[in-house]
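I opened this model today with my notebook beside me. Here is what I looked up, in the order I went.

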Amino acid sequence: MPDPVAVNSMFARIARRYDVANRLLSGGVDVWWRRRLVSAVRGQGPATVLDLATGSGDVAFALSRGLPGPVLITGMDFCQPMLDEAVIKQQSRGGFSNIAFVQGDGMALPLADASFDAVTISFGLRNMADRHRALSEIHRVLRPGGRLYVLEFSQPYNWFRPVYYFYLKHLLPSIASLVTGDRRAYEYLCGSIEQYPGHEVMTEEIQRAGFGRVNVFRLTFGTVALHIAQK
Ligand SMILES: C[S@@+](CC[C@H](N)C(=O)[O-])C[C@H]1O[C@@H](n2cnc3c(N)ncnc32)[C@H](O)[C@@H]1O
């Protein structure tokens, strides 16, 4: 499991180049993955959303743009430099007054029980030192009937594995070190993806935290999965 202090300082180091690196390394597909997440949340129509591990805030902004009606969004992350990037974007873009960016640890959420209709977590759960604790905390802050949306890397279709892992191990760290100057952070990314469970095990982990039925949508040859669960 990742060491939270190391994870926090790694994201602090790459915070300023995080968005550029994301676009480049995913070939822009990451924007589509987040759109897919927002369109699932739109179907629920929540009034309060927690975007946990919000990072530089792209999911929070996409939710603010994509959800109808008045919605209050809390973007929470434990890494202040990532939140600083989110706030810079919020101020420079104008609007988005329905988003509050707040520092907080996903494994000990500083939030009341049953206070959100929906919780989204995009590429964040993989970085949590104790996933069961994080999922239990999410369950606690969701109101009964509320929904969890986990967008995360997953294990790809078998036929795609060799190409995918060749890219992750050999090409991605080199490209990333050119963009961010931090090869180690992207070697961590590759290792954390390789060690992360496939969608079936992830479903079991979500259920073990108290959730009922889990729906899974596998995206881009299974490299990413969207899990949706109800409290
Ligand atoms: C890969 S980024 C994802 C950011 C954003 N959700 C996105 O889709 O681009 C992972 C984020 O998880 C945050 N994170 C990792 N562990 C955390 C924890 N225990 N509590 C809160 N945030 C955490 C990191 O600081 C980082 O901003």
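I began with the shell around the ligand: helix 1 gives the largest share, 3 residues. Helices here are DSSP runs of H or I with at least four residues, strands are runs of E with at least two, and both are numbered from the N terminus. I noted that this is a predicted model, where local features need pLDDT of at least 70, side-chain atom pairs count only at pLDDT 80 or more, and totals for chains, interfaces and linings use all residues. Residues are numbered from 1 along each chain as its sequence is written.

Helix 1 (4-14) and helix 4 (58-66) each bring at least two residues to that shell. Of the 20 residues around the ligand, I listed A53, G55, C79, G106 and S122 as coming nearest (near means a C-beta atom, placed from the backbone, within 6 Å). By type, I have 11 nonpolar, 6 polar and 3 charged residues in the shell (Ala, Val, Leu, Ile, Met, Phe, Trp, Tyr, Cys and Pro are nonpolar, Asp, Glu, Lys and Arg charged, and the others, Gly among them, polar).

Strand 1 (residues 48-52) and strand 2 (residues 72-77) run parallel, joined by 5 bridges. L52 sits opposite M76 of strand 2.

Definitions and conventions
Pairing = 2+ DSSP bridges.
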